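Subject: Structure for you to look at

Hello,

I am passing on the structure below, along with notes on what was found in it. Please read the notes with the structure open beside them.

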Amino acid sequence: MGSRPLEDSIKTDFTGRLDYVGYLDLDQILSAQKPLSEPEHHDETLFIIQHQTSELWMKLVIHELRAALQFVQQGNLGPTFKILARVKHIQRMLFEQWAVLATLTPTEYSQFRGVLGNASGFQSHQFRLIEFLLGNKDADSVSVFRHRPAIHAELELTLRSPSLYDEFLIYLGKQGFSVPCAVTERDWSQPYAENNFVVEVFKSIYEEPAQNWDAYEMCEKLIDVEEQFSLWRYRHMLTVERIIGNKMGTGGSSGVSFLRKALHIRLFPELWSVRTEIGA
């Protein structure tokens with residue numbers, strides 16, 4: 001059987017020095033799984049880690065989207081292409097994680113579901129931030145976070161600020177495209193409504209990509225992100241239905257039927273509508 005001798009240059013004495021555990025704060029992260037079932041149910045650890053790792057990935061998505069927002073505000077689309085490509089891959093990781101949770105059977109989950117009380121994914125403020133940053137504004141959803149003032153304030157600020165899509169449309173207006181004022185000067189806390197004039201703007205961009213390359217590329221990067229977001233929503237709904245059927249959600253929602261309604265939400269509606277117009 002082969003072996004690999006330890007190389008002389010490898011550091012082994014970390015007394016008083018920063019090591020891997022310390023840099024990543026693994027003592028805190030790996031002790032953050034605290035099952036509540038008694039006796040402890042084997043699969044509750046899976047359930048906790050699934051959601052904790054999702055929150056970590058979502059933290060990175062928020063970090064990246066905020067950076068993209070700043071670049072668009074500065075009129076610099078180039079750096080956003082890599083950022084949104086990264087977001088797309090993070091979303092793929094979030095999508096794939098549902099396959100792990102789907103190994104939890106209805107029988108297993110029912111044996112510890114009660115310890116969740118009313119805790120629910122609907123109360124994920126990071127998921128709500130991602131929705132707001134991408135333009136799916138819902139003022140009513142913020143009320144869930146009143147008991148956490150700092151989180152509530154952050155959500156309110158993001159709710160009332162332009163989304164990434166809003167900033168892109170503002171950018172296009174500054175570049176001379178005929179983006180209507182009704183789109184670029186509005187109450188940002190309200191859900192975005194599709195505008196036919198914006199469809200025409202995108203049609204002109206898609207018909208002459210060489211002359212509008214940055215805007216053209218941005219359109220496709222945004223579509224990538226929304227496509228992955230929609231796939232994530234669908235996989236989430238399907239996993240929930242597989243595990244609890246049509247039971248009510250722990251947070252009080254109708255469960256699968258509530259999740260199904262979200263499948264019809266379009267974050268960037270004109271970028272989908274323009275596909276019907278191109279070549280027609």
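Helices here are DSSP runs of H or I with at least four residues, numbered from the N terminus. By that rule Lys82 sits in helix α4, which covers residues 78–101. Please keep in mind that the model is predicted.

Overall picture

The protein has 13 helices and zero strands. From the N terminus on, the order of elements is therefore simply α-α-α-α-α-α-α-α-α-α-α-α-α. Along the principal axes, the C-alpha atoms fill a box of roughly 65 × 55 × 40 Å. Of the 280 residues in the protein, 41% are buried. Taking contacts between residues at least 6 apart in sequence, 70% of them join residues at least 24 apart.

Is Lys82 buried or exposed? Its relative accessibility is 60%, so Lys82 counts as exposed, the cut-off being over 50%. Lys82 and Ala68 are 14 residues apart along the chain, and their C-alpha atoms are separated by 9.4 Å.

Helix α4 also packs against α11: the two axes come within 9 Å and cross at roughly 10°. An angle under 35 degrees counts as roughly parallel, which is why α4 is described that way relative to α11. By class, the contact of α4 with α11 has 16 nonpolar, five polar and seven charged residues.

Helix α11 and its contact with α13

Helix α11 runs over residues 213–244. After α11 comes Gly245, which has a positive phi, near 65°.

The other partner to mention for α11 is helix α13, residues 269–277. These two helices pack at an angle of about 110°, with their axes 10 Å apart. The angle falls between 65 and 115 degrees, so α11 is roughly perpendicular to α13. Their crossing is left-handed. On the α11 side the contact involves Cys219, Glu220, Leu222, Ile223, Glu226 and Glu227, and on the α13 side Leu271, Trp272 and Arg275. Sorted by class, this contact has five nonpolar, no polar and four charged residues.

Helices α6 and α7

Helix α6 (residues 125–134) and helix α7 (residues 149–159) pack with their axes 9 Å apart, at an angle of about 15°. That angle makes α6 roughly parallel to α7. The crossing of α6 and α7 is left-handed. Helix α6 contributes His125, Arg128, Leu129, Phe132 and Leu133 to the contact, while α7 contributes Ile151, Glu154, Leu155, Thr158 and Leu159. By class, the contact of α6 with α7 has six nonpolar, two polar and two charged residues.

Thr184

Thr184 lies in helix α9, residues 181–184. With a relative accessibility of 17%, Thr184 counts as buried, because the cut-off is under 20%. Which residues is Thr184 in contact with, leaving aside its neighbours within four places in sequence? They are Leu169, Ile170 and Val179.

Regards

Note on methods
Residues numbered from 1 in each chain as written. Predicted model: local features only at pLDDT ≥ 70, side-chain atom pairs only at ≥ 80, totals over all residues. Heavy atoms only, no water. Axes fitted to C-alpha atoms, helices over the stretch in contact; angles between N-to-C directions. Parallel < 35°, antiparallel > 145°, perpendicular 65-115°, else oblique. Left-handed = near helix turned anticlockwise from the far one by under 90°. Contact = heavy atoms within 4.5 Å. Nonpolar A, V, L, I, M, F, W, Y, C, P; charged D, E, K, R; others polar. Buried < 20%, exposed > 50% of the residue type's maximum accessible area, 1.4 Å probe, protein only.
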